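Subject: Structure for you to look at

Hello,

Here is the structure I said I would pass on. My notes on what was found in it follow below.

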Amino acid sequence: MRGKLAAFFRERAAIGEHEPAMIQGGASFAYVFGSVLVFLLLLEAATGAALAAFYSPSTTDAWGSVAYIQDQASLGWLVRGLHFHGGGAIVVVAGLHLVQTAVSGAYKRPRELVWWLGVLLLVLTLAWAVTGYVLRWDQAGYWANRVELGIAAGTPLVGGKIRDLALGGNEYGNLTLTRFYALHVVLLPALVTILTVAHVALARKHGTTPLRDRPAAPRWPDQSLRDAFAMALTLAILLAYVVNQHGADLAAPADPSQAYDARPLWYFRWLFELRELSGSAEKIVAMVVPAIVGGFLVALPLLDKKPERAARQRTLALGALAGMFALIAALTVMSLVRDSGDAELAKRSEAAQKLADRARMLARANGVPVTGAQDVFSTAPMWKARTIFAQKCSGCHDDKRPKDPKGMAEFKDVKGPYIAPGHGNRAWLKAFLMNPNAPEFWALTKLSKASVKAQANEDAGGNTDKPADKKPDPKKPDPKKPADKKDDKKADDKADDKKSDDLAMPSCCVRKAGPAPVKLEELDDLVELLYSLSGAADADKAKVARGMTVFESGGCDNCHTMNEGGAGAAGPGLGGLGSRDYYTSFISNPKSPIHMTADLSEMPQFNKELSLVDRDAVAAYLLWLRTATKADLDALGPL
Amino acid sequence: MGDKDPPDRRKFLKVATCAMGGGVGLVVAGPVIRLVIDPADKQTVTSPTEPLDLGDARQLTLGAPPTRVEVIAPLVKDAWVASQNVVLGAAWIRRTGADAFDARSAVCPHLGCAVGWDPAANNYLCPCHDSHFGIGGEKLSGPAERGLDKLDLKVVDGRLKLTWARFKAGRSTQEPA
């Protein structure tokens, strides 16, 4: 049956019976490199086809699609890793193939053409890698390509044109990617396929150069077995490396404004080092040296023409080749050593890696914005506001201070109320009303007694850094002390009213003077009222109504008003408290009469320092914090 | 190895070669195929499950012909991209009572063309294959196998809230796509 089927197709394909192909001198592991290269090319084709089913060559989408492959598609990292590191493997195996061919003298007449095709294939393979590296459109690929095209642009006469042609115009953009993509997945594969077929066909026609004086052996299965074993071994090593690296790296999205330590792919490192070493001559060196190397390889069969193939009879040719490879290896190692010894570079690389991790985390969580992957940072929820907050606000409002008042001395400069998830929610309001002068609120500000006293001492020449450690001076109220302003409606009696707390705002529940303290059971109603001022939709209307009564009976209205935009008699206006507009207004000018007044507020005005949009962004962030938890905040990731 | 090898040994070599080559092929093909089929069982393009706002309910008057509305999602994640205000499709909505509304997907249940309203005939018409549907969405004539798909439309605080969904085409019953 099988014989019949084979005969059927053999006849239709016009294939006659033929002698099995023989290998002169017997099968050998020395011959496996070509076969392994064909295998690696097929591996690149298969993985490349799969990647092309995901990749999008546009400046806005390229990085996002690669990040999607790497971080979200099943086994995308593995396929991408095999494709990327498979390219490196091709360079290694091609080098071994070249050395084996040269050592055995297989480039000699009549096989020169096979050799030249091989050299051409090597050059095309390297070009293939270059065209592939930019496609990821990350910092690494983008900057490496900028350098490479910069070198190409240095070519006399035609350099500028070459660059513009490759770029697809005057600057990096969408056409750059579509063009490099076309080169990488259409033109170069087609060229390499045609040349590889020609290379292999010609090599087969000439037969292998016999290595030893042994009887010929059939290619199938003697050599095929060795080839298959070498392929399996190559794949095993490649796979182990790719798994170890979890695919290929991916830096942060390409950003022309962000400096980056551009490094070429490792097989171009020697050229990179050569440029470093050659100083002002780098442009010439970058052009001339590759030309010399290529020219030497092309000329080798012409220089080493004598028919002897034994290595020891060809010391000059092989010595030159060995010297060339030794130089390349030495330069490569020098470059790597130079980098690994650079502490500053290590720091920058670490920062770049953090940025990359963050970009990929954000892309995974939120997707990449339509405006492009570089905006993955700024469109992340609350990113802008959190950045401003970290730069402008957390100095005073960080919640890292200890709750224990004793430890607060060292946080003297971190003065303002803590701002953390839950800021302004019911629990927060309740805690504030119960003790506005607690460590997490006003303890270190002018508004609280302890700090007022410390201030008084300082003014008296005490000059201490540690207000909390200072013994409070029991009687002397500070002359310019704000506290007097408030809890009494009768401003004139106030000066003698020594019994009242000298706090800007006493606790609603335990105050000693003024109106009766608010009872605990009434406190929730008051909290609900204040909570409702922000316009929160979930406020309990009945509680709010009761809270209005408490607001009056508790004497809140002696100092405060709830009128929109109004200042209280002796305290901040509460209109719109906790709403976005309120926060924007407060941040713009906390010293406004409707807020804390210039006397009492130690917070700077931000109406000049921050744009209205930025102030509003921070306000929106504060609003978000009200319902957020620590976990929500953590989920936004580090800045 | 050589010509003197016994046939058994040669056969073994051939089998070993094929096994190794096949193994290499499988190891490469496995991840490649897994990656390529990955999107097939994933929701790569998200669709909002929450009701979408269509505006004030008073815009619809009783007895008026159906109104065509675009269904716009505030946020759609499409593979790696997150886009805002994405048009998902269209729906036909009308008031059927004081507090009653009807919404029909404009996606033809036959093969998914966009269904229009024919004011002259006072019924829905699919331009692709001439399926007609009554004002209530019921199938009148043509190749469609069921009436126009009903969508969930509610009124919350005077605003129309539509829940968008797509259904399988070419079935006689409404099944989520």
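**What was found**

Leu622(A) touches Phe389(A), Ile419(A), His423(A), Tyr583(A) and Ile587(A), leaving aside residues up to four places away in sequence. Please keep in mind that this is a predicted model.

Leu622(A) also belongs to the largest nonpolar core, which has 49 residues. Together with Leu433(A), Trp442(A) and Leu526(A), Leu622(A) touches the most other members of that core. Several helices of chain A each supply at least two residues to this core: α14 (383-397), α15 (426-434), α17 (520-532), α18 (541-553), α20 (580-588) and α22 (612-627). There is also a second, separate core of 32 residues, and its members include Leu40(A), Leu43(A) and Ala94(A) as well as Leu35(B).

Two loop residues are worth a separate note.

In chain A, Thr209(A) sits in the loop between α8 (174-206) and β2 (217-218). Thr209(A) counts as buried because its relative accessibility is 6%, and buried means under 20%. Not counting residues up to four places away in sequence, the contacts of Thr209(A) are Tyr31(A), Ser104(A), Ala106(A), Arg111(A) and Arg309(A).

In chain B, Gly63(B) is found in the loop between β1 (52-56) and β2 (67-78). Its relative accessibility is 71%, so Gly63(B) counts as exposed; the cut-off for exposed is over 50%. Gly63(B) and Gly97(B) are 34 residues apart along the chain, and 8.8 Å separates their C-alpha atoms.

Regards

Key. Residues are numbered from 1 along each chain as its sequence is written. Chains are lettered from A and ligands numbered from 1 in the order in which they are written. This is a predicted model: local features need pLDDT of at least 70, side-chain atom pairs count only at pLDDT 80 or more; totals for chains, interfaces and linings use all residues. Side-chain values use heavy atoms; hydrogens and water are left out. Helices (H or I, at least four residues) and strands (E, at least two) are DSSP runs, numbered from the N terminus. Buried means under 20% relative accessible area, exposed over 50%, partly exposed in between (1.4 Å probe, protein chains only). A nonpolar core is a set of buried Ala, Val, Leu, Ile, Met, Phe, Trp, Tyr and Cys residues joined through side-chain atoms within 4.5 Å. Contact means heavy atoms within 4.5 Å.
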